[in-house]
Amino acid sequence: SASESCSCSSSHFIHRSYSTSGSDPERKVAILGAAGGIGQPLSVLIKLNPLVSSLSLYDIAGTPGVAADVSHINTRAEVAGYAGEEQLGKALEGADVVIIPAGVPRKPGMTRDDLFNINAGIVKSLCTAIAKYCPNALVNMISNPVNSTVPIAAEVFKKAGTYDERKLFGVTTLDVVRAKTFYAGKGKVPVDGFNVPVVGGHAGITILPLFSQATPTADSLSDDDIKALTKRTQEGGTEVVEAKAGKGSATLSMAYAGAVFADACLKGLNGVPDIVECTFVQSNVTELPFFASKVRLGKNGVEEVLGLGPLSDFEKQGLESLIPELKASIEKGVKFAQAN
Ligand code: NAD
Ligand code: LMR
């Protein structure tokens with residue numbers, strides 16, 4: 001049914017962006033890493049979301065300028081900038097949703113796992129502060145490697161006694177955004193209203209688009225086309241990293257994807273029914289403790305983790321091959337958090 005398709009909110013997001021209803025509850029969104037390549041355009045997009053009443057922009061530096069700039073946009077959200085660790089508590093207090101795009105991006109030739117050594121520590125310290133200042137917030141983890149940073153966050157929250165598996169999300173929306181764009185383009189179906197789930201994780205072969213469940217389907221596409229579209233979706237991040245040639249990874253499309261996912265979280269919190277997005281969460285869908293699949297969002301975050309549905313033989317194979325890599329990335333995150 002339409003209610004169980006991914007990113008059903010993405011087109012509504014744009015339509016709603018420039019209107020205000022006046023009756024929506026107060027919601028505070030905090031962005032950690034707000035002065036960065038993702039953080040800046042994401043700050044603009046969240047400022048355009050009428051569901052947000054308070055927007056808190058945190059980074060180690062540069063946020064007063066970003067906040068002053070974004071605050072001039074004539075929409076509902078009140079904007080505040082916070083710079084440096086001593087202001088992190090204030091940035092987080094009262095947050096309903098915390099979005100984390102803090103950390104270093106890839107350069108050509110690197111894997112997302114090559115970012116682990118730097119980003120694991122950043123994520124750990126930010127999550128320690130979340131546990132202290134806004135333990136009930138929904139956490140949208142963007143920092144890579146997502147397959148490991150989400151397990152790190154879970155361990156930090158467990159240690160602090162604040163872990164609620166319904167409130168921790170790895171943001172994999174960009175994989176869905178890419179799968180939609182690539183499939184609709186190649187299959188010549190209208191991209192607006194097109195849906196496809198992407199499951200697994202967020203790195204290389206752990207990204208598994210389920211094109212057999214695409215709606216509508218493009219009859220013109222051959223098995224080889226589906227293979228090529230799968231590979232392009234899995235390598236979408238690398239396509240951007242190479243095109244940027246050392247200047248970082250996806251920032252603009254990621255900001256869009258992050259805004260779509262945060263909007264879905266806010267709608268869920270506000271009690272809007274049938275909000276379903278693909279996201280990397282604690283899961284029983286496979287043998288792995290974390291897995292991305294369709295998730296129904298509600299007033300407490302995850303309301304229901306939906307199953308994978310019927311898979312093609314090609315997708316079954318893809319699922320089998322991704323398990324060892326995803327398992328190792330999850331274990332690496334858990335181990336780091338337990339040792340540090
Ligand atoms: P960037 O370097 O442009 O920005 C990162 C920002 O994080 C910088 O402003 C930096 O000052 C800040 N930062 C560093 N340490 C911090 C700390 N302790 N507290 C707060 N802020 C801190 O990088 P970017 O291009 O914005 O990418 C950020 C991260 O997002 C990278 O890890 C990248 O791999 C990841 N990413 C994920 C996805 C996804 O689909 N999940 C997509 C694109 C990028
Ligand atoms: C992406 O998918 O664009 C991000 O994970 C960034 C990257 O390193 O590819």
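User: How many residues of the shell around ligand 2 are nonpolar, polar and charged?

Analyst: Ala, Val, Leu, Ile, Met, Phe, Trp, Tyr, Cys and Pro count as nonpolar, Asp, Glu, Lys and Arg as charged, and the others, Gly among them, as polar. In this predicted model, the shell around ligand 2 holds 5 nonpolar, 5 polar and 2 charged residues. Local features need pLDDT of at least 70, side-chain atom pairs count only at pLDDT 80 or more, and totals for chains, interfaces and linings use all residues. Residues are numbered from 1 along each chain as its sequence is written, while chains are lettered from A and ligands numbered from 1 in the order in which they are written.

User: Which residues surround ligand 2?

Analyst: A residue is near a molecule if its C-beta atom, placed from the backbone, lies within 6 Å of it. Among those around ligand 2 are Arg106, Arg112, Asn144 and His202. Helix α9 (residues 236–244) gives the most, with 4 residues; helices are DSSP runs of H or I, at least four residues.

User: Which residues of α8 are buried?

Analyst: Buried means that 20 or more other C-beta atoms lie within 10 Å of the residue's own, with C-beta atoms placed from the backbone. In α8 (residues 223–234), these are Ile226, Leu229, Thr230, Thr233 and Gln234. They lie on the same side of α8, because they cover an arc of only 135° around the axis, taken from the directions from the helix axis to the C-beta atoms.

User: Why can residues three or four places apart point the same way?

Analyst: An α-helix has 3.6 residues a turn, so such residues point the same way.

Definitions and conventions: Helix = DSSP H or I, 4+ residues; strand = E, 2+ residues; numbered from the N terminus. Expected span 1.5 Å × (residues − 1). Buried ≥ 20, exposed ≤ 12 C-beta atoms within 10 Å, placed from the backbone.
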